[in-house]
Amino acid sequence: MAYKAPRGTRDVLPDESWKWQRIERVFRATADRFGYREIRLPVFEETELFARGIGDATDIVRKEMYTFTDRKGRSLTLRPEGTAGTVRSFIEHNMGRGARLTKLYYFCPMFRYERPQAGRYRQFWQWGLEAIGSMNPAVDAEIIHFSVDLFESLGLAGAEARVNSAGCPTCTPAYNELLRERLGGKLDQFCDDCKVRYERNPRRMFDCKNEHCLELLEDAPSILESLCEECAEHFASVRKHLERMSVRFVVDSSMARGLDYYTKTVFEVHHEGLGAQSALCGGGRYDALVEELGGAPTPACGVSSGVERLITALTDTGVMTGTEPGPSVYVASLGSEAALAAAAVIAELRKSISVETDYQSRSLKAQMKEAGKLGAGHVVIIGEDEVARGVAVVKNMTTGEQNEVAADEVVAALLVERLASTQSDK
Ligand SMILES: [Zn+2]
Ligand SMILES: [Zn+2]
């Protein structure tokens, strides 16, 4: 019987994993520049945490969780997102003591039982930031700035934030009533999910993926007209900060996030080159969540996004194409004596640079072809004749130039030449 990866999962093979590594590297470096530190969360948590933290009415909790009972009868769930676990950890470890602002990031796989389709998997990766412990609109602006900066650092120029306010418990009841009033007359035209949303939380109807529902919502009233004074001032300050920081953004009053816990700021970052499904990340403020999950009342703000979507975006826009950068040096040898001389050179080179070689006793010609295919910058050639004379040939694959070097000077010669070529690049 031939096994396959479970439906909705996939292997990331070496031809693609270098893209993942590059994204993770840039993400970590960006998080570092913005002063966020990594948290590594458990893969599963108590089911109740997600039901409380994400919201009973959400699609995630109603239909998409991987929930199982362990051997002691506890209900556990594979994490479908990172915020609930981060907040649980924040409370458990009393990170907010001394009224500190806690700034955390994660980069890890999540699990949702969704219908698999292009770019959507049941095990998928997310990166995210959470800043817990401040109401300051400057924190919201920092997280939005981070998100735009990250995509630009990855080479995706022209990313733009869309910002909105989701209001707060003071102003949303009036807005919900207004929505019910305006939408009630045509409720029978909405999908069944929207009819449930209408009763439980009509703002969630904006998250419907049904085209017809979205058309019906086009002339729905904007939340910005229903904001209380505090929310309106907070939102104005977020926008002022973004302007002063020269972060590209627009106000999009129709945007609502799919999670119940957002209050005040919500945002997405979009890229025009990606068409309708152009959102690269989404986030916002969740001032009630820490208390909802059993902590002291603590305001917070965060962002998260799927890594698979980002890879598709970087590939589709031509930012990340082609293959992985090849090894710096390929060492080709012929005959068992030469292979031993090559082994010594390889061991020395690998102290500082990447080296590939042949272990299949192929001809020198085949090895040179392989070196070209891998994209090696230099090739060291050691044949029987070279071994006999105690030398090696060093070939620069870019210029085609080759030199004979004493065997014990190969490493030094390569390092000098590589240094010279990186300097002439600049
Ligand atoms: Zn409000
Ligand atoms: Zn609908």
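How many bridges join strand E14 to strand E15? Four do, linking residues 378-382 of E14 to residues 391-396 of E15, and the two strands run antiparallel. Within this pair, Val380 stands opposite Val394 in E15. Strands here are DSSP runs of E, at least two residues long, and helices are runs of H or I of at least four, numbered from the N terminus; two strands pair if DSSP finds at least two bridges between them.

Before I continue, please note that this is a predicted model, in which local features need pLDDT of at least 70, side-chain atom pairs count only at pLDDT 80 or more, and totals for chains, interfaces and linings use all residues. Residues are numbered from 1 along each chain as its sequence is written, while chains are lettered from A and ligands numbered from 1 in the order in which they are written.

E14 and E15 belong to an open, mixed sheet of five strands, ordered E13-E12-E14-E15-E16. Strands E13 (355-357) and E16 (402-406) are at the edges with a single partner strand each, so one side of each has no neighbour in the sheet.

Helix H12 (residues 336-349) lies across E12, E13, E14 and E15, at about 165 degrees to E12. Helix H13 (residues 364-374) lies across E12, E13 and E14, at about 170 degrees to E12. Such angles run from 0 to 180 degrees between N-to-C directions of axes fitted to C-alpha atoms, for helices over the stretch in contact; contact requires C-beta atoms, placed from the backbone, within 7 Å.

Turning to another helix pair, H1 (residues 14-33) packs against H11 (residues 307-316) at about 105 degrees, with axes 11 Å apart. Lys19, Trp20 and Ile23 in H1 meet Val307, Leu310 and Ile311 in H11.

Methods. Two residues are in contact if their C-beta atoms, placed from the backbone, lie within 7 Å.
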